[in-house]
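This briefing is for a reader who is meeting the structure for the first time. Please keep the sequence and the model in view while reading.

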Amino acid sequence: MLYTRHLSLELRCCAFSTHPTQRPRALRASSAEQDGRGKVFVAGAAGNTGKRIVKELLASGYKVRAGVRDLAAGSNILPADGNMEIVQADVTEGAEKLAAVIGNVESVVCATGFRRSLDFFAPWKVDNFGTVNLVDACKRNNIRKFVLISSILVNGAAMGQVLNPAYVFLNALGLTLIAKLQAENYVRKSGINYTIIRPGGLTNNPPSGNIVMTQEDTLYEGSISRDAVASVAVKALQCPEASYKVVEIVSRFDAPRKSIQELFAAIK
Ligand SMILES: NC(=O)c1ccc[n+]([C@@H]2O[C@H](COP(=O)([O-])OP(=O)(O)OC[C@H]3O[C@@H](n4cnc5c(N)ncnc54)[C@H](OP(=O)(O)O)[C@@H]3O)[C@@H](O)[C@H]2O)c1
């Protein structure tokens, strides 16, 4: 993406040095039961970030209901796991249908993003109305926690970044960032305990450097590994410090090493 200044980072963040996949499954499961981790629905579960969130959730001992648009494609992308079920879920199909698919889960993570097409309104349909549908479905189902993967620069106009090439480019693609901001506002007014995570440009590289987490409307450049975003999203389910917060994240070599919990706690 234009707004990614891909950093060639090599140093792994200490926050990932005790990656949950390194822990035995039995220990993970029992600790998950102890701290009340329930089932999580992931929307956009077959996407590049969504599939990493699913993996991180499973590694952390959660049960997962993975929402995909295409069951066959989703089954090829996601790992076979006894703690995961794959369900068909298109966020544009309305809250009622989504509520039925989401079912009795504790939390919902939204990692959807429009796919480029000839439909100029695709971002508005998916990144705004689709997320609104998901929030309405969550309200119907009394979901405890909602985590939204959004983007830095969604509020670029208010930040004085209206001429930022990324802001211009992404909004030229069907008002993408404005659509995301509308959805964020709906999440914030929903009454559900939310965490909105706004990452910089996403990479498929392993996590490197250290995570920088700032309050809303502060970052306008930088990049971060999708694996790191997945870790932050899963931690948002666990940390009370993440409640009702909008955070922006990138990774940098020169940032101090802090746990994700500490990072959330530092955000007002
Ligand atoms: N790319 C970047 O640099 C960047 C930077 C900052 C923020 N973000 C945001 O971060 C999020 C994840 O990005 P990504 O690049 O990992 O996403 P991605 O790989 O493009 O995946 C997007 C997912 O959304 C799903 N989706 C699309 N329309 C849907 C619908 N109507 N109902 C349900 N699911 C739908 C797609 O399903 P299919 O697999 O069926 O197509 C796909 O699984 C997005 O919101 C994106 O805007 C991206």
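The model is a predicted one. The protein contains nine helices and ten strands. It has 268 residues, of which 50% count as buried. Among contacts between residues at least 6 apart in sequence, 74% join residues at least 24 apart.

**Ligand shell**

- The ligand is surrounded by 28 residues.
- The closest of these residues are Gly-44, Gly-47, Asn-48, Thr-49 and Gly-113.
- Helix H5 (122–140) and strand S7 (201–203) are the elements that give two or more residues to the shell around the ligand.
- By class, the shell around the ligand consists of eleven nonpolar, twelve polar and five charged residues.

**Helices H4 and H5**

- Helix H4, residues 95–102, packs with H5 at an angle of about 60°, and the axes of the two helices are 8 Å apart.
- The crossing of H4 and H5 is right-handed.
- On the H4 side, the contact is made by Ala-95, Leu-98, Ala-99 and Ile-102.
- On the H5 side, the contact is made by Asn-133, Leu-134, Asp-136, Ala-137 and Arg-140.
- The contact of H4 with H5 has six nonpolar residues, one polar residue and two charged residues.

**Helices H5 and H7**

- H5 also packs with H7, at an angle of about 10° and with the axes 8 Å apart.
- That angle makes H5 roughly parallel to H7, because angles under 35 degrees count as roughly parallel.
- H5 meets H7 through Pro-123, Trp-124, Asp-127, Asn-128, Thr-131, Val-132 and Val-135.
- The residues of H7 in this contact are Thr-176, Ala-179, Lys-180, Gln-182, Ala-183, Tyr-186 and Val-187.
- Eight nonpolar, four polar and two charged residues make up the contact of H5 with H7.

**Helices H2 and H8**

- Helix H2 (residues 50–59) and helix H8 (residues 226–238) pack with their axes 8 Å apart, at an angle of about 50°.
- H2 and H8 are therefore oblique to each other.
- H2 and H8 form a right-handed crossing.
- H2 makes the contact with Arg-52, Ile-53, Glu-56 and Leu-57.
- H8 makes the contact with Arg-226, Asp-227, Ala-230, Ser-231, Ala-233 and Val-234.
- The contact of H2 with H8 has five nonpolar residues, one polar residue and four charged residues.

**Lys-63**

- Lys-63 lies in strand S2, which spans residues 63–68.
- Lys-63 counts as partly exposed because 19 C-beta neighbours lie inside 10 Å, whereas a buried residue has 20 or more.
- Gly-38 is 25 residues from Lys-63 in sequence, and their C-alpha atoms are 6.6 Å apart in space.
- Apart from neighbours within four places in sequence, Lys-63 is in contact with Lys-39 and Asn-83.

**Residues with a positive phi**

- Most residues other than glycine have a negative phi.
- Leu-175 is not a glycine, yet has a positive phi of about 55°.
- Leu-175 sits in the loop between helix H6 (165–172) and helix H7 (176–189).
- Leu-175 counts as partly exposed, because 18 C-beta neighbours lie inside 10 Å.
- Tyr-244 is not a glycine and has a positive phi of about 55°.
- The position of Tyr-244 is in the loop between H8 and strand S10 (245–252).
- Tyr-244 has 10 C-beta neighbours inside 10 Å and therefore counts as exposed, the limit for that class being 12 or fewer.
- Tyr-244 and Val-147 are 97 residues apart along the chain, and their C-alpha atoms are separated by 9.8 Å.
- Leaving out residues up to four places away in sequence, Tyr-244 touches Asn-193 and Tyr-194.

Technical notes
Residues are numbered from 1 along each chain as its sequence is written. This is a predicted model: local features need pLDDT of at least 70, side-chain atom pairs count only at pLDDT 80 or more; totals for chains, interfaces and linings use all residues. Helices (H or I, at least four residues) and strands (E, at least two) are DSSP runs, numbered from the N terminus. Two residues are in contact if their C-beta atoms, placed from the backbone, lie within 7 Å. A residue is near a molecule or strand if its C-beta atom, placed from the backbone, lies within 6 Å of it. Ala, Val, Leu, Ile, Met, Phe, Trp, Tyr, Cys and Pro count as nonpolar, Asp, Glu, Lys and Arg as charged, and the others, Gly among them, as polar. Axes are lines fitted to C-alpha atoms, for helices over the stretch in contact, and angles run from 0 to 180 degrees between N-to-C directions. A crossing is left-handed if the near helix is turned anticlockwise from the far one by less than a right angle, and right-handed if clockwise. Angles under 35 degrees count as roughly parallel, over 145 as roughly antiparallel, 65 to 115 as roughly perpendicular and the rest as oblique.
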